[in-house]
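Please walk me through this structure, beginning with the chain as a whole and ending with particular residues and peptide bonds.

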Amino acid sequence: MIEARHLRVLRAVAATGSFSAAGRELGCTQPAVSQQMKALESSVGTPLLVRGGREMRLTQAGEALVRHAAGILAGLTAAEEEVAAIAGLRAGRVRLISFPSGSSTLVPTALAALRAAHPGTRVSLEEAEPPRSVELLREGDCDIALAFRYEGAANAEEWGDLVVRPLLTDRLVGLVPQGHRLAGARSIGIEELAGEPWIAGCPRCRGQLVRVCESAGFTPRIDFATDDYPAVVGLVGAGLGVAVLPELAIESVRPKGVRMITVEPVVHREIVALTLPDLARVPTVAATLDQLARAATR
């Protein structure tokens, strides 16, 4: 009989590479991790780890079990939460991962409404950009992932195995310093910024910027790159370059010294909330998805 606690220990050992590091992650001792791994190997009847000096690696059986563990644990979580709800327990938890501009705009409104409606629900929040956030969801390390993808992107992620809750469509807009030669324009073609120094955002946004500029006939000269949207706005405001940012990101900061301009061609990104099919049936997860959708319409 394979126990869920043993699977969690196996995943921690596989992720960290040692019993002691897994113990620190799980909040238990190294001997306890070793004991649980021995019990799991006894249950399945075959070695799961090859121990050699300070290094440790998974056997083929261990790799197979780790591969299935995320789905098994997600299914167990769904079962536990649904049974608790049926039994009348006014409690539950949701592990949410969001990209930064979603964390500062959609998430606060959604979680405040969720707490008001379901005060016993606990929500944890971590930040990660897609595709990493989507990987964490598939690996069982969160229950909901806020993610985005750019419309028409050649390498757009496939989400066919996930439950997709569309939230909103976000438009990219141009940012230039207030004293810039184009600061008074309402709309420009992106090729008019071909000779400018650029400030780029997250890796996915940088890739999209390069693709759009190259389709307009030039390669942007990126002088600064940062995942911090307020830093992008600050650099533009200081006259150090131009940028394009999603409108949602601009909502989360107070732009000073910059002008926003519509840039052609218009580029949109799709903002969604993702979860696993089993987790979509968990009442607390479903309620969180509903509140995120409501927050996106305000």
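Buried residues, meaning those under 20% relative accessible area with a 1.4 Å probe and protein chains only (exposed is over 50%, partly exposed in between), make up 46% of the 298 residues in the chain. This is a predicted model, in which local features need pLDDT of at least 70 and side-chain atom pairs count only at pLDDT 80 or more, while totals for chains, interfaces and linings use all residues. Residues are numbered from 1 along each chain as its sequence is written, and side-chain values use heavy atoms, with hydrogens and water left out.

The chain holds eleven helices and twelve strands, taken as DSSP runs (H or I of at least four residues for helices, E of at least two for strands) and numbered from the N terminus. Its C-alpha trace spans about 70 × 50 × 30 Å along the principal axes. Of the contacts (heavy atoms within 4.5 Å) with a separation of 6 or more, 71% come from residues 24 or more positions apart.

Within helix α4, which covers residues 60-86, lies T77, and this residue counts as buried because its relative accessibility is 10%. Leaving aside residues up to four places away in sequence, T77 touches R93 and L279.

The bond from P130 to P131 is cis, with omega near 10°, and P131 sits in the loop between β4 (121-127) and α6 (132-138). The bond from E264 to P265 is cis as well, with omega near 0°, and P265 is placed in the loop between β11 (258-264) and β12 (268-275).
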